[in-house]
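Open the model in your viewer and keep the selection tool at hand. Each stop says what to pick and what is there.

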Amino acid sequence: MVGNAKHYDVIKNNNKKLVRNLIREQEYISKSELAKLSSLTFPTVSQAVTELIAAGEIEETIGKSSGGRPGNMYRLNPAYEQFLCAAFIQYTFVMKIYDYCGNVIEEATVPISKDVDDNQLIAIIKDITMKYPSLHKAVIGVPGIIVQGVIMHYPHCPKLQGIHLPN
């Protein structure tokens, strides 16, 4: 029975992933359109949509009327999560914050000195996470040599050498 329950969870998660990806491709989409595009049954799509709404990943809105009662439409919730993409470029920390839909919500360039150390770097990241509490992932590019997550060589900021970047 445990194996069947695990198998059911895998299928259920795959269905939610399929529905989420279809919603990501459309600005707004209905359950019937999701069922048609996914080849899933309407009840399966409905269950996936209900769970994605409960998790806050998608939003429900009223569609346009074509003479009858307007149907519900669904879209990604842009506020669900945010993502940081950043890079060290010489003596600056260049970053963009993206919402869950992939829209840029902030761009910034933070000057850093040659003597920047890991504490200053952590302070920059903490400021970002305080401003964006739903920040889910961060990708930081370092133009240097990194071996197994450790900055081995970064010529512009030597004090960052030896710093371990967590996954």
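Which residues are exposed on the other side of H2? Select Lys-36 and Leu-37: both are exposed there (over 50% relative accessible area; buried is under 20%, partly exposed in between, with a 1.4 Å probe and protein chains only). Before moving on, note that this is a predicted model, in which local features need pLDDT of at least 70, side-chain atom pairs count only at pLDDT 80 or more, and totals for chains, interfaces and linings use all residues. Residues are numbered from 1 along each chain as its sequence is written, and side-chain values use heavy atoms, with hydrogens and water left out.

**Stop 1: H2**

Select residues 31-38, helix H2. Helices (H or I, at least four residues) and strands (E, at least two) are DSSP runs, numbered from the N terminus. Lys-31, Leu-34, Ala-35 and Ser-38 are buried in H2. Look down the axis: the buried residues of H2 fall within an arc of 100°, so they line one face of the helix. That arc is taken from the directions from the helix axis to the C-beta atoms. Step on to Ser-39, which follows H2 and has a positive phi, near 65°.

**Stop 2: the cores**

Now select Phe-88, Phe-93, Ile-128 and Leu-160, the residues with the most contacts inside the largest nonpolar core, which has 20 residues. Such a core is a set of buried Ala, Val, Leu, Ile, Met, Phe, Trp, Tyr and Cys residues joined through side-chain atoms within 4.5 Å. Strand E3 (82-89), strand E4 (92-99) and helix H4 (118-131) each supply at least two of its residues. Another core, of 15 residues, lies apart from it; Ile-23, Leu-52, Ile-58 and Leu-76 are among them.

Centre on Phe-93. Beyond its neighbours within four places in sequence, its contacts (heavy atoms within 4.5 Å) include Ala-108, Val-110, Leu-121 and Ile-140.

**Stop 3: H4**

Select H4. Leu-121, Ile-124 and Ile-128 are buried. Down the axis of H4, its buried residues fall within an arc of 60°, so they line one face. They pack against E3, E4, strand E5 (104-111) and strand E6 (135-141). Turn to the face away from the buried side: Asn-119, Lys-126, Asp-127 and Met-130 are exposed. At the N-terminal end, Asp-117 caps H4, with a side-chain oxygen 3.2 Å from the backbone nitrogen of Asn-119.

**Stop 4: Gly-144**

Finish in the loop between E6 and strand E7 (145-147), where Gly-144 sits. Gly-144 is partly exposed, at 34% relative accessible area. Its C-alpha lies 9.1 Å from that of His-156, twelve residues apart along the chain.

Notes:
A polar contact is a pair of N or O atoms within 3.5 Å; within protein, one must be able to donate a hydrogen and the other to accept it, and residues adjacent in sequence count only if both atoms are side-chain atoms.
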